[in-house]
Amino acid sequence: MSQALTGSLKKTPLNARHRAAGARMVEYGGWDMPVEYSGIVDEHLAVRSRAGLFDVSHMGQIEIAGRDALAAVQHITTNDASRLAIGQAHYSALPTPEGTFVDDVLTYRLADDHYLLVVNAANIVKDFTWIVKHIAGMGDAAAVNTSSRYALIAVQGPVAREVLQPLTGISLGDIKYYWFTTGEVAGVRVTVSRTGYTGEDGYEIFVPPASAERVWDAVLAAGRPAGLVPAGLGARDTLRLEAAMRLFGNDIDETTTVLEADLGWTVGWKKAEFIGAEVLRRQKQEGVSRKIVGFEVLDRAIARHGYDVYVDGVKAGTVTSGTQTPYLKKAIGMAYLPIDRCAPGTAFEIDVRGRRVRAEVVPLPFYKRK
Amino acid sequence: MYPVDLKYTKDHEWVKITGSDARVGITDYAQKQLGDVVYLELPEVGRQLNKGDAFGTIESVKAVSELYSPVSGEVTEVNRALTERPEAVNANPHESWMIVMKITGAPGIDNDDLLDAGQYTELTK
């Protein structure tokens, strides 16, 4: 229970707002970030029933532009970017030749020959280096790390739209899920995307860093009467886990393939070629030997990241994510299990600090909004 | 804000010593660091503890933390009602006792390492 030194950590343009609001700050991916304001449970429930306001400015942005930008994006991501219209986004893996994850990303098509990848904070330098290396020699396509040009503010929850709408001329209801548009919010020129990492409807707003506080303050003031609260990374993690969204570094990494992570839907199988295609096509045909599953803990215990998983008394893997969920009020998590043990209802055990507790495979996601 | 009739440890437990009985819980600072408490594991009555031994675990949504005995002695009572509704630790940390111990040795002399309210307030500034 010691306070980390924050001197060398990167700060988002909203850092002073978090500190002024009394948020508990933690180091995350090299950033000084708010983990909670009023408490994880309170913030989690606010997002499920009303709305939450998140600073996710630590996320990175890498843009790829040029006449051959599409070919470059097709090569370095698994999903089929040729299907993206201008103004549309999708989720994708940034794969290794082994079909595992360098990172997971959202790909936005900004213009004909201009794409934006939103990447994980801790991976910005790694991803950028990887991308530059792997698009070299692909013709007219250049990658630029534009992370410092954007603050990113997420408004998530059932009342997100009604809170945000009075602040903008954009007709928010006309933005379809995983589409985006540009316009003004609180008098600031922004890009508004109907995306998120909570399992709720909502928006992510790309804001010039110098105007981040202005947008943050305006959304907070407009949202307070409707029950919107500022929310930290703690609630973001419990929310995304209930929605079974994978977290890089926990559920997916350089050792797990896209198919083992049960993310085959992010692969454009009709594409000609992309990094890792050979391995993934073979795994698709032959099947994988293990797969990620959701589980519920049946005994009174919380299974957390890194705890060992036992099948028939034999160690079979580790818990990749696990928590007590505030909304479902259960101990849930995800783990990789042998493929013949992945059916819902399958029993297995988890070592919780020396004690074996019972768990059961359940369908994903744990939570789906109505 | 820290009650003056309690003593405190650097591990953020409080202890209320009455004669040779010691009532033990965690401090307001500790519950704030943990956040929303969801599980509490406590020992059985009769367990012998040395000062500094782990006597249980407390879990919040985001973290798990060990509980350390502030004194040496035997566990004589366990607050089973608190394990049923551990969120009370967040609401009333200094009333939410976890165990009672019968202190071995001289309660005062052996435990002069414990902090008073003023010292503990300084520690958690």
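Start where the two chains meet: select the 13 residues of chain A that are in contact with eleven residues of chain B. Two residues are in contact here if their C-beta atoms, placed from the backbone, lie within 7 Å. On the chain A side, helix H2 (40-49), helix H7 (233-242) and strand E16 (314-324) are the elements that give two or more residues. Helices (H or I, at least four residues) and strands (E, at least two) are DSSP runs, numbered from the N terminus. Colour that side of chain A by class and you get five nonpolar, five polar and three charged residues. For the colouring, Ala, Val, Leu, Ile, Met, Phe, Trp, Tyr, Cys and Pro are nonpolar, Asp, Glu, Lys and Arg are charged, and the others, Gly among them, are polar.

Before moving on, keep in mind that this is a predicted model, where local features need pLDDT of at least 70, side-chain atom pairs count only at pLDDT 80 or more, and totals for chains, interfaces and linings use all residues. Residues are numbered from 1 along each chain as its sequence is written, and chains are lettered from A and ligands numbered from 1 in the order in which they are written.

Now show chain A by itself. You'll find eight helices and 19 strands. Its radius of gyration (taken over C-alpha atoms) is 21 Å, close to the 21 Å that the globule rule gives for 370 residues, so chain A is as compact as a globular protein of that length. That rule is 2.2 Å times the number of residues to the power 0.38. Along the principal axes, the C-alpha trace spans about 60 × 50 × 45 Å. Of the 370 residues, 47% are buried; buried means 20 or more other C-beta atoms within 10 Å of a residue's own, exposed means 12 or fewer, and partly exposed is in between, with C-beta atoms placed from the backbone.

Next, colour two pieces of chain A: domain 1 (15-57 + 150-242) and domain 2 (60-147). These bounds come from an automatic or database domain assignment. The centres of the two domains, taken over C-alpha atoms, are 25 Å apart. Ten residues from domain 1 and eleven residues from domain 2 make the contact. The domain 1 side has five nonpolar, five polar and no charged residues.

Zoom in on helix H6 (residues 212-223) of chain A. Its end C-alpha atoms are 16 Å apart, which agrees with the 16 Å that twelve residues should span at 1.5 Å a residue; the expected span is 1.5 Å times one less than the number of residues. Select A:Ala212, A:Val215, A:Trp216, A:Val219 and A:Gly223, which are buried. They cover an arc of only 100° around the axis, so they sit on the same side of H6(A). The arc is that of the directions from the helix axis to the C-beta atoms.

A few backbone stops come next. A:Ala186 is in the loop between strand E10 (180-185) and strand E11 (188-193), and has a positive phi of about 55° although it is not a glycine. A:Ala244, in the loop between H7 and helix H8 (277-286), has a positive phi of about 65° and is not a glycine either. For a cis peptide bond, go from A:Leu364 to A:Pro365, where omega is near -5°.

Finish at A:Gly306, in the loop between strand E14 (290-297) and strand E15 (308-311). Is A:Gly306 buried or exposed? With 11 other C-beta atoms within 10 Å, A:Gly306 is exposed. Leaving out residues up to four places away in sequence, A:Gly306 touches A:Thr318 and A:Val319.
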